[in-house]
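Biologist: Please walk me through this model. How do I read its features?

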Amino acid sequence: MRLPGIGLAAFVIGLVATHFIVLNALPGRIMSKARERIVASGAPVHEWRMTPRVTPQTQTIVRPSPDLAYAICLIDTSNGPVVLSVPTWPEYGSLSIFDASTDNVYAGSLDSRLPDAPQLRTVVVTSTAMQTFGPRVDVSSVVALKNPRALALIRRLAPSQGLYDTAAGLLPESRCEPLL
Amino acid sequence: MRIVSALLGLVLGAACGLAAALAAAGIVGPGVRLGGGIDVDGWTSDWTIGSAAANPWTRARIARHGLLALTREEAVYFTRNTDDAGDRFSEACTYQVSGGKMPGQWWSVTVYDASSFLPGNTDNALSFDLTDAAAAGDAGTWTFTVSAAPAEGDWVSSNAAGAFDMTLRIYKPTPDLIAAPTAALTPPRVDKIACKDAI
């Protein structure tokens, strides 16, 4: 092969390989950074924590909705499954789980007005490496993760301080803990 | 000489590949939409947001500009950065946003700056939603103003937003919206009223 041909072939290989390596690594890296920021803010693993009411001054993650009250729980299934249990809400609300590569692997409604809405939305999060888990619990879903780290998020429609406070008052009734 | 040529090509290619990936993800610039796009009268979305089906470009762009976005069964997100005349949204201008019933359980329209954060003001007027529309008297026909200075009636502040965009969130979208967005959604109109330098 002539010199220009070799250089051009190397250029294309370098371009395509680097492009896709970086592109595929970015979501995990961004999620990891977000998790680091949440940990740095004092949020422990396996504990629901309200995020401050969304304002330009309190926002830490892109495109937050100022109409919603958020609560976050960091999940790590390295040592076994984790159970999430969250009370419903008389307006729009959801419980969602995001894996380490940013995929929304679970979303369940918390809207108590919907037909057959349970009082508590209960989900067990586990690793795909684990085929079974111990005690039987009444779960809505079992979510299997490829990577043990994930992030659970509660969204509740709460456009006023009063509703935000009411949403925060539900946290003691909410669980995010290892399934023993 | 061949080794030098190959190494040079590899390094240059890697640099271009890195730049292209960062640009596509919106780490540098607004990001690039490749495939899967939905456009309803200037409001754009992507039904693969949040899902494993998203292509690597969409996944990276959403991680940068819409982290923790829900899948379409729970919520859909439409964004636009131009008015109905096709001009880029600017903090220097005043806009009237008007619309009607949205095909979902609850909806909101929020202003974000070019870095995808809420504009850095203390106006406490960050969004307009179904609750506001109902409070104004008719959730089926509503209007609000977007401007940097307070306006009469319902108002969303673009103060400190620069060249901003708006995101329309529709939570619990109807099956019709997911199946045929252009037929099911009549999106909000965004009309430019005036700009500071034109007054």
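Modeller: Start with Val12(A). Its relative accessible area is 43%, so Val12(A) is partly exposed (buried is under 20%, exposed over 50%, partly exposed in between; 1.4 Å probe, protein chains only). The model is predicted: local features need pLDDT of at least 70, side-chain atom pairs count only at pLDDT 80 or more, and totals for chains, interfaces and linings use all residues. Residues are numbered from 1 along each chain, chains are lettered from A and ligands numbered from 1 as written, and side-chain values use heavy atoms without hydrogens or water.

Biologist: Which helix holds Val12(A)?

Modeller: Helix H1 of chain A, residues 3–40 (helices are DSSP runs of at least four residues, strands of at least two, numbered from the N terminus).

Biologist: How do I read helix H1 of chain B?

Modeller: An α-helix has 3.6 residues a turn, so residues three or four places apart point the same way. In H1(B), the buried residues include Ser5(B), Gly9(B), Gly13(B), Gly17(B) and Ala21(B). H1(B) covers residues 2–25 and spans 34 Å from first to last C-alpha, close to the expected 34 Å (1.5 Å times one less than the number of residues). Just after H1(B), Gly26(B) has a positive phi of about 85 degrees.

Biologist: And the sheet: which strands form it, and in what order?

Modeller: Sheet strands pair through backbone hydrogen bonds, parallel or antiparallel. Here four strands of chain B make an open, mixed sheet, E8-E7-E4-E10 (a pair needs at least two DSSP bridges). E8 (155–157) and E10 (189–195) of chain B are the edges, each pairing on one side only.
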